[in-house]
Amino acid sequence: GVSSAMAPISVASLLFGSSLSSAPGSYFMECYGRRFVFVGTCFIVMVGVGLAEFSLISKDFVTLNIAAFLVGFAQGIGQFYRFAVVEVSEPYPKPIAISFVISGGV
């Protein structure tokens with residue numbers, strides 16, 4: 001099996017995916033719109049979680065890291081929700097909407 005010393009690699013894969021998602025996420029939002037990208041992100045998360053489940057059942061470390069990368073990528077795109085709420089909110093409840101979105105991740 002894989003030693004416990006390799007566990008940080010999965011966390012690094014998640015963070016690497018998250019850091020790589022901002023440029024493609026903003027590009028695809030510009031080309032296809034926020035709704036398309038946010039729905040696509042939901043599918044990326046489902047694939048990532050399914051791969052993670054498969055990797056844990058089959059004890060496959062490489063597949064676990066791929067799954068962590070996909071989930072991290074989707075988390076990075078999910079950070080764009082903060083900007084989307086600012087753009088679509090009415091002027092009065094805008095501070096309340098922003099605080100709900102920001103505090104929702106806590």
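Q: How much space lies in the largest pocket?
A: About 230 Å³. This is a predicted model, where local features need pLDDT of at least 70, side-chain atom pairs count only at 80 or more, and totals for chains, interfaces and linings use all residues. Residues are numbered from 1 along each chain as its sequence is written, and side-chain values use heavy atoms, without hydrogens and water.

Q: What counts as a pocket?
A: On a 1 Å grid over the protein atoms alone, it's an open set of points where a 1.4 Å probe fits, with protein on both sides within 12 Å along at least five of seven lines; lining residues have an atom within 4 Å of a point.

Q: Which lining residues are closest to its centre?
A: Of the 13, those are Ala74, Gln75, Gly78, Gln79 and Tyr81. Helix 3, helix 4, helix 5 (81–88) and helix 6 (94–104) each give two or more residues to the lining; helices here are DSSP runs of H or I, at least four residues, numbered from the N terminus.

Q: Switching topic: Asn65, buried or exposed?
A: Buried, because its relative accessibility is 12% and the cut-off is under 20% (1.4 Å probe, protein chains only). Asn65 sits in helix 4.

Q: What is Asn65 in contact with?
A: Ile9, Ser10 and Ser13, leaving aside neighbours within four places in sequence. Contact means heavy atoms within 4.5 Å.

Q: And Phe80, what is that in contact with?
A: With that same exclusion of neighbours within four places, Ser22, Gly25, Ser26, Met29 and Phe38.

Key: Grid points are joined across faces, edges and corners, and a volume is the space filled by probe spheres set on the points. Buried means under 20% relative accessible area, exposed over 50%, partly exposed in between (1.4 Å probe, protein chains only).
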